[in-house]
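Here is a short briefing on one structure. Look over the sequence and the coordinates, then read on.

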Amino acid sequence: MAYLINNDCISCGACAGECPVGAISEGESIFVVDPDTCIDCGACNSVCPVGAPNPQ
Ligand code: SF4
Ligand code: SF4
């Protein structure tokens with residue numbers, strides 16, 4: 001399992017700086033999680049202003 005960022009993402013970048021394993025990067029229109037790297041810690045959801053990252 002891994003977290004998935006939905007289309008509510010406003011590309012603020014806050015989550016990328018909080019991810020302990022560097023799994024989040026800027027995609028074409030929204031930020032994206034590398035599911036092979038994500039350890040399901042939930043930090044991205046905690047800092048996201050719009051609640052876009054959630055468990056798949
Ligand atoms: Fe990174 Fe944790 Fe979010 Fe996975 S759940 S993308 S490890 S901050
Ligand atoms: Fe997108 Fe939320 Fe990450 Fe900001 S913190 S880049 S809105 S997923």
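**Cysteines and ligand shells**

Cys-41 is partly exposed, because its relative accessibility of 46% falls between the 20% and 50% cut-offs. The model is predicted.

**Ligand 1**
- The shell around ligand 1 holds 13 residues.
- Cys-19, Cys-38, Cys-41, Gly-42 and Cys-44 come nearest to this ligand.
- By class, 11 of the shell residues are nonpolar, 1 is polar and 1 is charged.
- Cys-19 has a relative accessible area of 15%, so this residue counts as buried.

**Ligand 2**
- Ligand 2 is surrounded by 14 residues.
- The closest are Cys-9, Cys-12, Gly-13, Cys-15 and Cys-48.
- This shell has 12 nonpolar and 2 polar residues, with no charged ones.

**Disulfides**
- How many disulfides does the structure hold? The count is 0.
- A disulfide here would need a pair of cysteine sulfur atoms within 2.5 Å.

**Val-50**
- Val-50 sits in the loop that runs between α2 (43-47) and β4 (53-55).
- Is Val-50 buried or partly exposed? Its relative accessible area is 33%, so Val-50 is partly exposed.
- Leaving aside residues up to four places away in sequence, Val-50 touches Asp-8 and Cys-9.
- Along the chain, Val-50 and Cys-9 are 41 residues apart. Their C-alpha atoms are separated by 6.8 Å.

Definitions and conventions
Residues are numbered from 1 along each chain as its sequence is written. Chains are lettered from A and ligands numbered from 1 in the order in which they are written. This is a predicted model: local features need pLDDT of at least 70, side-chain atom pairs count only at pLDDT 80 or more; totals for chains, interfaces and linings use all residues. Side-chain values use heavy atoms; hydrogens and water are left out. A residue is near a molecule or strand if one of its heavy atoms lies within 4 Å of it. Ala, Val, Leu, Ile, Met, Phe, Trp, Tyr, Cys and Pro count as nonpolar, Asp, Glu, Lys and Arg as charged, and the others, Gly among them, as polar. Helices (H or I, at least four residues) and strands (E, at least two) are DSSP runs, numbered from the N terminus. Buried means under 20% relative accessible area, exposed over 50%, partly exposed in between (1.4 Å probe, protein chains only). Contact means heavy atoms within 4.5 Å.
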